[in-house]
Amino acid sequence: MTWRSAMAGAIRSEQVGERVTLAGWVARRRDHGGLVFIDLRDEEGICQLVVNPERAPDAAERAHGTRAESVVQAEGEIVRRAPEAVNPNLATGEVEVQVDRLEILSRCPPLPFQLDEEGVDETLRMRYRWIDLRRARMQRTIRMRAQAVSIIRQEMEASGFVDIETPIMWKPTPEGARDFLVPTRLQKGRFFALPQSPQIAKQLLVISGFERYYQIARCFRDEDLRADRLQELTQLDVEMAFPDMEYLFDLVEQTVQRVWRECIGVELEIPFRRMPFREADLRYGSDKPDLRFDLEIEDATELTRGSGFGVFANARAVRYLTVPKEFSRAELARLEEFAKGWGAKGLAYLVYGENGEARSPIAKFLSEAELSAFRPEPRSTVFFGADEPRMVSRVLGALRLQLGRELGLVDETAWRFAWITDMPLLAWNEDERRWTAEHHPFTRPTEEGLALLDTDPGAATAVAYDLVGNGLELAGGSFRIHEPELQARMFDLLRISPEEQRVRFGFLLDALGMGAPPHGGIASGIDRLMMALADEPYIRDTLAFPKSQAGVDPMTGAPTDVSRQQLDELGIRTVESTQ
């Protein structure tokens, strides 16, 4: 059987007089007396069907009983619309099909929500995901995702990278998040882990002589979900022997440039800006700064060392943000609560009115030199952060983004990309009283960082880099440690004992000791890339079948209970939650 001879969205005026058979979904039905108009939708677009009872009485009778989202087949003649009926918003708007035969292939009951309905509860959308995916925005995003991945594959393979799959069941290793564990019937009481990334596998492939590897890889991280975070994600994974940072940057820039050009018609200027991590942290309070607006953080640490305001004088870092608005007391109280939500103890400020005089509880404690240094244009407010450097960056960085959005300072039409380089190698974990890897434990220190490992590990930098676009981290990578002695030294610094090193990473240390070339790479989260590309605020709407924020699938009900028999085969006993 031939279901269709043409696609509904592909009908054009040049085909007037032709007979066609179309099939698709009823996007809309309108009864106009005896005439019935049906907007027939398929993946190419929409075509208007006209069912006239005088021309096709059987088809008209069926059309009157057709609900939205039912699936129909229609046969008829392409005709030109009357001039006053032309729809310039449709590619098919100059023509319609006069229907002679209409068949209802599949009926649809009343929908749980309408395709053009706004504000539908996300759980309801996920419960009926097959309906949600029919919406024009979701169709556009999912198809754009496929187009972007196709472009990425073409660029990687044109540059000599080989697509190699790595295991989905792997050895549990520390990557920064909790592992999803997989029991096995053949090895009762033992577990595989789903990979958080193919990090070690891709290193082994390069050591094996595959000098240029790539993969569109599935990754799994058992962590709390956010607007821009998933438990099950997809990433472009790239690794190369004898790495060249300029080459990697050029490859990613050209790929991103082509994706933006072909998917949304935007021409990006390359090369992208470069910014050391320390500069991004000081000026924007973030390692993924949104560069679409100019509001910048300034440093006042040295200026306030002898300040009469004790909070400033005793803080390790004092920085401030000058905002072009005179805030009211109620607004200041609200912003202080916002800052406390990010960990601040409070939010000091100076408000300058029309006369240029400072209004603030702290003004009386500040010297003329301080007030002069902070004084902005009239009708402005200066906000201060005074604490440990990381906390100051965290608070003022979040405040900068919040105020940028509130005051309409962000250029929503702009695309601002930057490479953040010279990332920190280590972070101090106060709870565990030990150093932890900022990126992962296989990241290579810079030559300057290597010299600081014994004396000041916290100041050591890494050969690591992130690509940031409009405030989103779109890619990140590093050069790896290829010497077994240096890798063991890094493990020692992270307090991973020699015995634990052998148990968890013995195979990697062995591989590094058998002719490992210098190597490094980069990975780009496809889901987060699509957030930027499709302008989606929630990462879950960049993929077809996501989990909810609670980590469940409302459509299938997963995760679900399993039978006692299955658990017995795996050698597992469950413990009932007391919560």
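These legends describe close-up views of a predicted model of one protein chain.

**Figure 1. Overview of the protein chain.** The secondary structure of the chain comes to 16 helices and 22 strands. Along the principal axes, its C-alpha atoms fill a box of roughly 90 × 75 × 55 Å. The chain has 579 residues, and 48% of them count as buried. Among contacts with a separation of 6 or more, 67% link residues 24 or more positions apart.

**Figure 2. The closed barrel of five strands.** The strand order is S1-S2-S3-S5-S4, and the pairing is mixed. From one strand to the next, the twist averages 55 degrees. Strand S4 covers residues 71-80 and strand S5 covers residues 95-106. S4 and S5 run antiparallel and are joined by 10 bridges. One place to look is Glu-75, which stands opposite Arg-101 in S5.

Figure 3. Helix H1 spans residues 57-64. H1 lies across S1 (19-32), S2 (35-42), S3 (45-51) and S5. Its direction is at about 65 degrees to S5.

**Figure 4. Helix H4 packed on helix H6.** H4 (residues 136-158) and H6 (residues 245-264) pack at an angle of about 145 degrees. Their axes are 10 Å apart. H4 passes H6 in a right-handed crossing. On the H4 side, the contact is made by Arg-140, Met-144, Gln-147, Ala-148, Ile-151, Ile-152, Gln-154, Glu-155 and Met-156. H6 supplies Leu-251, Thr-255, Arg-258, Val-259, Glu-262, Cys-263 and Ile-264. By class, the contact of H4 with H6 has nine nonpolar, three polar and four charged residues.

**Figure 5. Helix H5 beside helix H14.** H5 covers residues 199-207, and H14 covers residues 498-512. Their axes come within 10 Å and cross at roughly 25 degrees. H5 and H14 are therefore roughly parallel to each other, since angles under 35 degrees count as such. H5 passes H14 in a left-handed crossing. From H5, the contact uses Ile-200, Leu-204 and Ile-207. These meet Phe-505, Phe-507, Leu-508, Ala-511 and Leu-512 in H14. By class, the contact of H5 with H14 has eight nonpolar residues, with no polar and no charged ones.

Figure 6. S22 covers residues 519-525. Six of its seven residues are buried, so S22 is largely enclosed by the rest of the structure. S10 (residues 232-241) runs antiparallel to S22, and seven bridges join the two. Here the bridge partner of Leu-236 is Ser-524 in S22. S21 (residues 472-479) also runs antiparallel to S22, with four bridges between them. In this pairing, Gly-477 stands opposite Ile-522 in S22.

**Figure 7. Thr-184 in its loop.** Thr-184 lies between strand S7 (181-183) and strand S8 (191-193). Leaving aside neighbours within four places in sequence, Thr-184 is in contact with Arg-190, Phe-192 and Leu-570.

**Figure 8. Two cis peptide bonds.** A cis bond joins Ile-270 and Pro-271, with omega about 5 degrees. Pro-271 sits in the loop between H6 and strand S11 (273-276). The peptide bond from Ala-558 to Pro-559 is also cis, and its omega is near 0 degrees. Pro-559 lies in the loop between helix H15 (526-534) and helix H16 (564-570).

Figure 9. Asp-422 has phi near 50 degrees, a positive value in a residue other than glycine. The loop holding Asp-422 runs between strand S17 (417-421) and strand S18 (426-429). Asp-422 is partly exposed, with a relative accessible area of 39%. For Asn-470, phi is near 50 degrees, again positive in a residue other than glycine. Asn-470 is found in the loop between strand S20 (464-469) and S21. Asn-470 is buried, with a relative accessible area of 13%.

Terms used: Residues numbered from 1 in each chain as written. Predicted model: local features only at pLDDT ≥ 70, side-chain atom pairs only at ≥ 80, totals over all residues. Heavy atoms only, no water. Axes fitted to C-alpha atoms, helices over the stretch in contact; angles between N-to-C directions. Parallel < 35°, antiparallel > 145°, perpendicular 65-115°, else oblique. Left-handed = near helix turned anticlockwise from the far one by under 90°. Contact = heavy atoms within 4.5 Å. Nonpolar A, V, L, I, M, F, W, Y, C, P; charged D, E, K, R; others polar. Pairing = 2+ DSSP bridges. Buried < 20%, exposed > 50% of the residue type's maximum accessible area, 1.4 Å probe, protein only.
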